[in-house]
Amino acid sequence: MKENNTPMLQVQHLTKHFPAGSHKLVHAVDDVSFSIERGKTLGLVGESGCGKSSCARTVIRIYEPTSGKIFLDGADISALTQKQLLPFRRKMQMIFQDPYASLNARMTVHDIVAEPLRAHNICATRQEEHEMVREMLERVGLNQEHANRYAHEFSGGQRQRVGIARALILRPELVICDEPISALDVSIQAQVVNMLRHFQEELNLTYLFIAHDLSMVRYVSDDVGVMYLGQLVEKCAADEIYAHPLHPYTVGLLSSIPVPNPRLAKEKDGSGLEGDLPSPIDPPSGCRFHTRCPFATERCREEAPAWQEAAPGHFVACHRING
Amino acid sequence: MNEQNRWERVSGDAGEAERIYRRSRTFLGDVWFRFTHKPTALFGFILVVLLLAFCLIGPVFTPYTYSEQNNKLASIPPLLKVYPGPAEGSNLYITQGLKLIEVDDEGHLIRQLKKKKDDSKAKQTSFTWDDDTLVYLDYSRLPNTVLDRDGNRIETAKTVWNRTYLLGTDQLGRDILTRLMYGTRISLMVAFIAALVNMIIGITYGGIAGYLGGRTDSVMMRIVDIISTIPLTLYVILIKMCLDDGLLSIIIALSSVYWVDMARVVRGEVLSLKNQEFVLAAKTIGSSTKTILFSHLIPNAMGPILVTVTMLIPSAIFMEAFMSFIGIGIAPPMASLGTMCNDATETLRTNPYQLFLPALVICIIMFAFNFVGDGLRDALDPKLKK
Ligand SMILES: Nc1ncnc2c1ncn2[C@@H]1O[C@H](COP(=O)(O)OP(=O)(O)OP(=O)(O)O)[C@@H](O)[C@H]1O
Ligand SMILES: [Mg+2]
């Protein structure tokens with residue numbers, strides 16, 4: 001296994017705006033920067049609609065970035081055409097949120113899992129393809145009997161495993177998991193997460209793991225980034241974010257998880273998050289969180305807080321923190 | 001409670017809970033099951049099969065061809081009103097041209113009697129039955145009838161079914177049943193080919209417009225809008241006028257216009273499918289546009305496509321019949337349901353069956369395909385899964 005120090009994924013000032021009719025823009029992702037070291041996992045959390053999926057899909061280049069740079073293993077892929085991207089697609093794959101919508105109902109499991117092999121002309125013969133698919137299915141806990149069935153005959157957990165098999169059969173280095181377990185039963189969630197962890201160790205995978213609540217992310221992540229309305233508001237090591245959340249939004253998110261932990265319970269300000277997520281079409285001025293922040297001041301309303309390192313490795317964008 | 005344990009506790013035996021309980025059926029198997037469990041759909045399907053048998057196998061069993069004329073036996077209806085003839089078991093049928101035809105008791109046409117003398121004053125015509133017998137046809141007042149030995153009008157006629165020409169003959173003495181078979185064959189062939197061509201053009205055009213989206217989509221769809229603002233019938237007629245007579249030009253005329261509906265349907269489907277996660281997944285995999293279009297988008301849009309095609313078949317049949325009816329369709333003597341209707345209008349008052357029969361077949365075809373189309377739409381809707 002080669003050792004090098006370039007981060008597996010580095011995202012700089014990534015911005016993605018969607019047109020929303022009559023010259024308006026949805027600010028789905030706004031100036032997001034982060035990097036993930038090889039073999040590590042970055043958890044990305046935030047409320048529904050804060051732009052996590054958009055961020056992931058822009059990183060993997062199924063959405064065109066509005067601006068910003070994406071470096072995959074040191075190579076800038078943000079301006080490549082889809083054709084030029086093809087070799088890079090082998091290195092990065094995605095596991096999708098909805099195990100029902102992410103598998104083509106008209107294809108058998110075998111065809112679904114073999115699709116990446118066919119797209120990249122990996123197998124010379126049908127025999128070889130068959131062998132690879134069988135091996136991959138076995139590793140995700142499905143057998144040959146499942147291969148000739150259609151995806152709609154499977155349960156959610158089984159489908160998600162098919163999705164994992166499809167993402168991993170190319171032996172990618174970076175896997176983006178877009179809420180891979182939030183559509184599953186709690187009991188099945190554990191299986192899937194354990195499977196993902198197992199593959200990470202075995203194949204030295206790098207994960208960008210998206211979730212909408214912090215409890216899930218803690219278990220799988222090395223670092224955690226918190227997103228609010230298209231922007232990253234806090235990023236630090238996973239344990240740190242539980243022990244010392246700095247941004248009021250992170251605190252709010254943490255307090256909304258029912259964790260019987262007295263130390264955390266003491267830290268929270270008695271209230272979780274109030275109000276709704278403002279529209280990403282007209283994001284609030286200054287700090288985007290000021291409309292819901294219990295500590296908002298005049299300054300928060302006018303001036304956007306800088307992204308600063310409050311403690312070693314602990315980044316936050318909030319006026320209350322003066323680093 | 002330790003947060004970490006929440007993830008570790010469940011072991012592999014949860015697999016038991018997610019075994020597959022539904023009997024494994026392929027997608028097509030499912031569709032077939034639902035299709036055959038809908039009575040109207042099944043009925044329509046059986047009708048289609050019968051129609052196919054009628055037009056493909058039927059001609060083997062008839063002794064006539066579609067173009068064989070027999071002027072002596074023109075416009076003989078399927079049901080014959082006959083008067084008793086001079087010999088035992090013989091009957092006489094009076095044609096519209098005031099000729100006498102000998103018919104046996106079962107309804108076979110035996111021969112046409114030879115005319116001897118026409119007495120226009122008494123309004124009687126004599127015919128030679130055999131060397132020493134004459135039969136008299138009296139047309140002095142309606143209904144025309146035959147005189148018996150004593151010279152009295154026979155007023156009681158009986159009705160027998162024409163066994164020689166089961167559905168009668170047209171005004172040129174051609175067997176209508178045989179012509180119906182060939183006509184149905186032509187109509188179905190035109191419809192199937194036109195539907196197939198329309199399907200291919202429509203899928204490609206609509207698929208590209210929907211998949212590329214944006215400006216390409218706008219331009220392509222405006223073209224479709226322009227084409228469809230003018231009635232399609234008019235186009236078909238215009239195109240047909242520019243081409244030679246014959247089957248091929250009808251097919252070209254129909255194929256070059258009717259795809260607009262198909263293009264719209266496909267484009268709508270593709271537009272709604274292309275942002276679904278399985279298509280995004282195909283993109284992240286790096287599948288080519290061709291793969292995405294033809295193995296992800298089109299197969300998932302197949303339901304509405306098939307329904308549109310089965311609905312397109314009756315309109316193509318109707319259009320072909322219509323063109324033949326107004327005289328720009330199939331060239332004679334080839335039969336088509338439309339030309340048969342057209343020919344029949346000339347003698348509609350005296351021979352309504354000549355119009356009724358081809359019109360009935362057109363109706364049956366339209367019904368059958370509409371039923372099948374309806375059934376397919378329901379069967380292809382996975383939300384109705386049992
Ligand atoms: N293709 C698109 N066109 C226009 N707007 C979009 C598009 N995709 C997402 N958006 C908008 O961008 C914002 C962020 O959406 P996104 O799906 O990234 O949120 P999310 O954090 O993934 O939410 P969830 O947790 O529900 O998946 C939303 O306001 C959404 O309406
Ligand atoms: Mg999402």
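Student: By class, what residues make up the lining of the second largest pocket?
Tutor: In this predicted model, five nonpolar, six polar and six charged residues form that lining.

Student: And what volume does the second largest pocket have?
Tutor: The volume comes to about 450 Å³.

Student: Which of the lining residues are closest to the centre of the pocket?
Tutor: Out of 17 lining residues, those are A:Gln82, A:Arg89, B:Tyr211, B:Lys283 and B:Ile292.

Student: Switching to the surface, which residues of chain B form a nonpolar patch?
Tutor: The patch consists of B:Trp32, B:Phe45, B:Ile46, B:Val49 and B:Leu50. Together they have about 470 Å² of accessible area.

Student: Where does the largest share of that patch come from?
Tutor: Helix 3 of chain B, residues 39-56, provides four residues of the patch. B:Leu50, for instance, is found in that helix.

Student: How is chain B divided into domains?
Tutor: The domain assignment gives domain 1 as 83-161 and domain 2 as 176-384.

Student: How far apart are the C-alpha centres of those two domains of chain B?
Tutor: The centres of domain 1 and domain 2 of chain B lie 52 Å apart.

Student: Now salt bridges: how many does the structure hold?
Tutor: Over all chains there are 28 salt bridges. One pairs the side chains of A:Arg292 and A:Glu47, at 3.0 Å from N to O.

Student: What does the pair of A:Arg292 and A:Glu47 tie together?
Tutor: A:Arg292 sits in the loop between helix 11 (262-267) and helix 12 (298-302) of chain A, while A:Glu47 is in the loop between strand 3 (41-45) and helix 1 (52-59) of chain A, so the pair links parts that are 245 residues apart in sequence.

Student: One more thing, the backbone. What is phi for A:His13?
Tutor: Phi of A:His13 is positive, about 50°, although this residue is not a glycine. A:His13 belongs to strand 1 of chain A, residues 9-19.

Student: And what about phi of A:Asp31?
Tutor: A:Asp31, also a residue other than glycine, has a positive phi near 55°. Its place is in strand 2 of chain A, residues 25-36.

Terms used
Residues numbered from 1 in each chain as written. Chains lettered and ligands numbered in written order. Predicted model: local features only at pLDDT ≥ 70, side-chain atom pairs only at ≥ 80, totals over all residues. Heavy atoms only, no water. 1 Å grid on protein atoms, 1.4 Å probe; cavity = no way out; pocket = protein on both sides within 12 Å on 5 of 7 lines; lining within 4 Å. Points joined across faces, edges and corners; volume = space filled by probe spheres on them. Nonpolar A, V, L, I, M, F, W, Y, C, P; charged D, E, K, R; others polar. Domains from an automatic or database assignment. Patch = residues over 30% accessible without salt bridge, like charges linked within 9 Å, V, L, I, M, F, W, Y side chains within 5 Å. Areas by Shrake-Rupley, 256 points an atom, 1.4 Å probe, with all protein chains shown as cover. Salt bridge = Lys/Arg side-chain N within 4 Å of Asp/Glu carboxyl O. Helix = DSSP H or I, 4+ residues; strand = E, 2+ residues; numbered from the N terminus.
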